[in-house]
Amino acid sequence: MREATENVARVEALNTESGQRGNSWSLPVDADKHAKTPVWSGRTQWQQQVRASLNSPTGTALCTKNDVGSESVFAVAVMHAALAEGRTGRGVTASRKTIAQRAGVSISVVKRARSVLKALGMAVEHARGRYLTTLESMAAESHHGRRQYRAASVWSLTSPRAAVQAVTAPVKKAAKATRAALRSAAYRARTAAQSYPQSATRDPLSPSGGFALKALVLNYSPTHAQARAGKPKNAQRSTPRPITVQRAAAQLIAHTPALKAAGHVGRICDVLEKTDIDVTRWTGRDIARELTKDTQTRGWVWPTSLTHPVAFLSWRLAQIDWSGVTPAERARENDRMRLAEQARRRQEAAERSSRAASAATRAAIVRRSRAQFSRTAV
């Protein structure tokens, strides 16, 4: 009992000190190694730094030396970034098989890509994967409730100074206007329509009260001229867009922050109307998910800012086939199949229950069996 109690205490201490997370147990890393490894600049910035490093002469030479393409290395890097901690870039504990399946490459390509990232200084291997000791296996079972005999390597993603300097600094956001500035702008907007430059100053040739010039402005303005000619006001206003297009555009902007630079939502509506996307099936959220999926498949990264967001969106939408099943339709089909399977299982359970013998029948069978056994024994 004493030995078992000590093992439990050691297991709990090991899990607490190593900071386990996720559905698998990872190898512990000394605090000194973490202290000597700088954190990354962020998930998006780190991917941009990897792209710039791979495009440099050093990155090209390393890819050639390790017999791996730069696009494959970048795809593996994107998967590492997706699995790392968002604040520090540490804690990449997935196996090579898992990363290879998600990146769409082979396990050998993952090994060579890691060698390139390590040589570039973009990744650091803190612990090599190995079999677990008895105590570590007990700690793993205590962490996630099942037996584990091996653990994958532990990696951290870093941002070297040279890689940070090679990437252009992101554009700073404009300072947020203060409440006083907003109130002043609103006041100027209200009073601008009520003031007339002709009557603002009293010059010798102007009427004393300035009312004549105000009347001229009202009588001979283009709007009043159109009304006198029988033309309706605001004749250039177009018919309202379908509500489905407006809703899809608003959802697309909400789930794609880079498109907020487009300004008015009507510009995104125009792009959706020019493409072959059926907005009655594809919601804005589904379109954003499909764009993200296509970006990851191609090994690209969403830009942090767009100079021409409307042209960029038109080009990206033209690269995707929108005739397939939408994510929402796929989710509804999965729900339908799951509910049908649950109903079938409930029906089978009810049928088994209906065929089961009642308590009285089972008791009668037991009595007959006992009586028959008694007669046989005599």
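At roughly what angle do the axes of α6 and α7 cross, and within what distance do they come? The close-up views below, taken from a predicted model, begin with this pair.

**View 1. The crossing of α6 and α7.** The two axes cross at roughly 100° and come within 8 Å. Because angles of 65 to 115 degrees count as roughly perpendicular, α6 is roughly perpendicular to α7. On the α6 side, the residues that meet α7 are R96, K97, I99 and A100. Their counterparts in α7 are I107, V110, K111 and R114. Sorted by class, this contact holds four nonpolar and four charged residues, with no polar ones.

**View 2. The packing of α3 against α5.** Here the helix axes lie 10 Å apart, and the packing angle is about 160°. Since angles over 145 degrees count as roughly antiparallel, α3 is roughly antiparallel to α5. The crossing of these helices is right-handed. From α3, the residues R43, W46, Q47, V50, R51 and L54 take part. They meet S70, E71, V73, F74, A77, V78, A81 and A82 of α5. By class, the contact comprises nine nonpolar, two polar and three charged residues.

**View 3. The largest nonpolar core.** This core has 32 residues. Those with the most contacts inside it are W46, V50, L54, V73, V116 and L157. Two or more residues each are given by α3 (43-55), α4 (57-65), α5 (70-83), α6 (96-103), α7 (107-120) and β4 (154-157). The largest share, eight residues, belongs to α5. In soluble globular proteins, nonpolar side chains tend to be buried together.

**View 4. The surroundings of L54.** L54 is one of the residues with the most contacts inside the largest nonpolar core. When neighbours within four places in sequence are left aside, L54 is in contact with G59, T60, C63, S70, V73, F74, V116 and L120. Among these partners, S70, V73 and F74 are also listed for α5 where that helix meets α3.

**View 5. D67 in the loop between α4 and α5.** D67 is found in the loop that runs between these two helices. Although D67 is not a glycine, its phi is positive, at about 55°. The relative accessibility of D67 is 62%. Because over 50% is the cut-off for exposed residues, D67 counts as exposed.

Terms used:
Residues numbered from 1 in each chain as written. Predicted model: local features only at pLDDT ≥ 70, side-chain atom pairs only at ≥ 80, totals over all residues. Heavy atoms only, no water. Core = buried A, V, L, I, M, F, W, Y, C linked by side-chain atoms within 4.5 Å. Buried < 20%, exposed > 50% of the residue type's maximum accessible area, 1.4 Å probe, protein only. Helix = DSSP H or I, 4+ residues; strand = E, 2+ residues; numbered from the N terminus. Contact = heavy atoms within 4.5 Å. Axes fitted to C-alpha atoms, helices over the stretch in contact; angles between N-to-C directions. Parallel < 35°, antiparallel > 145°, perpendicular 65-115°, else oblique. Left-handed = near helix turned anticlockwise from the far one by under 90°. Nonpolar A, V, L, I, M, F, W, Y, C, P; charged D, E, K, R; others polar.
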